[in-house]
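Subject: Structure handover

Hello,

Here is the structure you were expecting. My notes follow below it.

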Amino acid sequence: MSDTKQLEAQLNRLRSEIDEHNYQYYVLDNPQIPDAEYDRLMRQLQQIEADHPELISSSSPSQRVGAKPDSGFAQVTHQMPMLSLDNAMDDEEFLSFNKRVKERLKDSQDIEYICEPKLDGLAVSIIYENGLLTRAATRGDGNQGEDITLNIRTLNSVPLKLRSEQPPEVFEVRGEVFMPLEAFHSLNQVAIETGNKIFANPRNAAAGSLRQLDPKITAQRQLAFYAYSTGLVSEDFELANCHSERLAQIKTLGLPITSEIKVTHGSNEVLKYFDDILEKRNQLSFEIDGVVCKVNEIEKQNQLGFVSRAPRWAIALKFPAQEEMTELLDVDFQVGRTGALTPVARLNPVFVGGVTVSNATLHNMDEIERLGIMVGDTVILRRAGDVIPQIVSVIESKRPTNAAKIESPASCPVCSSQVERAEGEAAIRCTGGLICAAQRTQAIKHFASRKAMDIDGLGDKLVDIFSELEMISSISDLYRLEKQQIADLERMGDKSAQNLIDAIEASKETTLAKFIYSLGIREVGEVTAKNLAQHFSTLEAIQAATGETLEEVDDVGPIVAQHLINFFANPRNQKEVAALVDAGIHWPVIVKKSEGDLTLKGKTFVITGTLTNHSRQEAKAKLEALGAKVAGSVSKNTYALIAGAKAGSKLKKAQELGVQILSEEYLSTI
Ligand code: 9MJ
């Protein structure tokens with residue numbers, strides 16, 4: 001074989017291998033290799049193609065992102081119109097659909113329906129000619145759409161080539177392009193950080209991403225695709241005679257379909273499916289807005305036909321809306337633990353996403369500006385899944401003449417201290433620190449919370465009551481509470497008062513990391529607190545640390561270091577920390593491991609067989625404390641195998657590889 005032929009064969013093998021991994025991952029949901037291995041294959045392919053550009057083919061998996069077209073999207077005509085769906089807003093509307101279907105088919109039996117989740121994205125048509133993706137288009141008005149081939153090619157879940165030895169001349173699939181929730185949230189997170197456009201919902205984000213003229217941008221947006229029907233298919237391909245089997249055919253050809261599809265019989269089973277999917281809705285990785293129910297037999301679909309743009313054989317059963325209109329009655333500013341003033345929208349109560357909502361956060365003044373929102377405005381409120389309700393947009397045409405501008409407060413609404421807005425920060429803050437009752441109360445709530453001092457039974461509501469009744473005005477006051485004071489409160493009683501006193505007492509025994517975290521120092525989360533404790537070993541050392549020494553700690557940069565310095569330099573905080581230690585809060589001494597103690601650093605151990613004097617956990621902890629790594633399998637990089645009784649294949653492998661074998665006794669010598 002010539003060199004070129006050999007290279008071509010290698011390229012084809014690599015391309016097929018990558019295509020196969022895509023199919024396993026996107027269609028079968030059954031990844032075969034780690035992402036890093038996939039990336040390695042892709043880089044290998046790209047390297048060979050870069051060295052031999054004459055061997056590049058447009059269906060190669062490396063060729064998803066093409067060059068930006070010179071002009072806008074071309075118009076294309078759908079040979080078979082793309083239909084829309086009629087909606088059923090409640091059970092009754094669905095039942096009358098079912099009745100109409102039965103009457104038209106003169107069928108008294110239960111109808112076989114296929115039920116699918118209704119994806120909330122954009123309908124597209126994708127055409128494969130002789131197995132190769134040649135054209136993709138938006139639905140448009142159903143007859144004419146826009147050519148978005150270059151953008152659709154960037155979706156990893158859409159194969160550039162059908163999986164078939166003898167592909168049909170023409171095979172059109174239709175389906176929905178959508179943005180999975182994780183991609184949507186991270187896209188918006190980046191947009192917030194970079195001041196870019198925020199998308200109101202995943203559907204808008206998908207539409208915005210697909211409408212990009214430059215496919216490079218679409219490629220970055222992590223769009224996904226699920227097929228839900230065939231379109232025009234040439235006669236050399238025998239389509240199945242029911243919809244569910246056609247979906248299976250689509251899947252066999254390499255395109256993804258949703259896993260939630262179900263064949264049902266009669267209206268009751270459809271309604272049951274609807275309830276099941278509604279229940280599952282918040283666990284799905286993508287947004288759905290209902291269920292699509294289709295007559296499964298194609299013969300019956302043909303008998304039923306269409307009315308205007310919608311088939312008589314299908315209906316969308318819609319979920320309760322996740323977006324509703326309401327009015328912004330007022331905006332209050334709430335003071336958080338670190339003094340940040342958060343604008344909170346007071347709304348005319350509205351039922352959305354299954355609950356009545358009367359408040360929504362507006363995040364900060366930048367968000368108010370971005371939305372262009374005024375008091376009195378009609379707004380669109382969205383509550384999707386368990387996500388907190390958000391105002392996504394303002395309907396400006398409904399703005400009343402007396403709408404009022406939302407002013408940034410000049411002083412703290414709780415303690416009247418001055419407010420400030422630090423350079424580069426979106427939040428405005430109350431400068432009152434612990435003078436501010438709101439900050440104090442929030443600080444106490446944080447102190448008592450589970451991941452901090454974990455005071456069982458001291459929830460936010462009780463802290464609010466203690467603060468309102470002025471039973472506590474600092475964190476350390478918690479340790480001065482007396483049982484009788486608590487027992488005298490409404491709905492408390494002796495027993496719960498004693499339980500709370502006991503829990504407060506028990507909280508005194510903690511760790512330095514938890515104590516540091518519970519102080520609520522800005523930007524000092526659990527991990528940073530742990531790193532600080534490990535690095536400095538004592539509270540005194542942390543208090544005395546300089547910016548330079550603080551920055552030696554993992555996770556601590558100049559900003560966090562400055563927050564720590566400010567916190568411990570503040571006399572009120574110094575007094576409070578001392579009062580807490582005086583109250584009896586204590587923690588075990590941290591014995592610092594120096595580099596010299598890590599005698600097993602860089603060595604990998606494997607443990608096998610039954611140990612008699614140590615549990616597996618203990619053995620592992622002992623080795624790790626000295627810097628060793630404990631792995632699950634023996635390789636030539638294994639430093640030693642610790643073999644207990646009845647050791648099997650790992651012992652054999654270690655012997656084969658010449659890895660040293662130690663008995664359990666070794667653990668007693670370290
Ligand atoms: C969605 N949006 O998930 C259809 N759809 O069928 C499903 N849309 C549809 N089917 C015919 N699953 C026209 C539209």
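A residue counts as buried under 20% relative accessible area, as exposed over 50%, and as partly exposed in between. The model is predicted, so please read everything here with that in mind.

Start with Ala645. Its relative accessible area is 45%, which means that Ala645 is partly exposed. Ala645 sits in the loop between strand S23 (640–643) and helix H23 (649–657). Beyond its neighbours within four places in sequence, Ala645 contacts Gly609 and Thr610. Lys262 is 383 residues from Ala645 along the chain, and their C-alpha atoms are 51 Å apart.

Next, the cysteines. A disulfide needs two cysteine sulfur atoms within 2.5 Å. By that rule the count is zero disulfides. Cys415 is in none; the nearest cysteine sulfur belongs to Cys430, 3.6 Å away. For Cys436, the closest cysteine sulfur is that of Cys415, at 3.8 Å, which is too far for a bond. Cys436 has 0% relative accessibility, so Cys436 counts as buried.

Last, a helix pair. Helix H1 (residues 3–27) packs against helix H2 (residues 35–51) at an angle of about 150°, and their axes lie 10 Å apart. Angles over 145 degrees count as roughly antiparallel, and H1 and H2 are therefore roughly antiparallel. The crossing of H1 past H2 is left-handed. Among the contact residues are Leu7, Leu11, Leu14 and Ile18 of H1, and Leu41, Met42, Leu45 and Ile48 of H2. By type, the residues of this contact are nine nonpolar, four polar and three charged.

Best wishes

Terms used. Residues are numbered from 1 along each chain as its sequence is written. This is a predicted model: local features need pLDDT of at least 70, side-chain atom pairs count only at pLDDT 80 or more; totals for chains, interfaces and linings use all residues. Side-chain values use heavy atoms; hydrogens and water are left out. Buried means under 20% relative accessible area, exposed over 50%, partly exposed in between (1.4 Å probe, protein chains only). Axes are lines fitted to C-alpha atoms, for helices over the stretch in contact, and angles run from 0 to 180 degrees between N-to-C directions. Helices (H or I, at least four residues) and strands (E, at least two) are DSSP runs, numbered from the N terminus. Angles under 35 degrees count as roughly parallel, over 145 as roughly antiparallel, 65 to 115 as roughly perpendicular and the rest as oblique. A crossing is left-handed if the near helix is turned anticlockwise from the far one by less than a right angle, and right-handed if clockwise. Contact means heavy atoms within 4.5 Å. Ala, Val, Leu, Ile, Met, Phe, Trp, Tyr, Cys and Pro count as nonpolar, Asp, Glu, Lys and Arg as charged, and the others, Gly among them, as polar.
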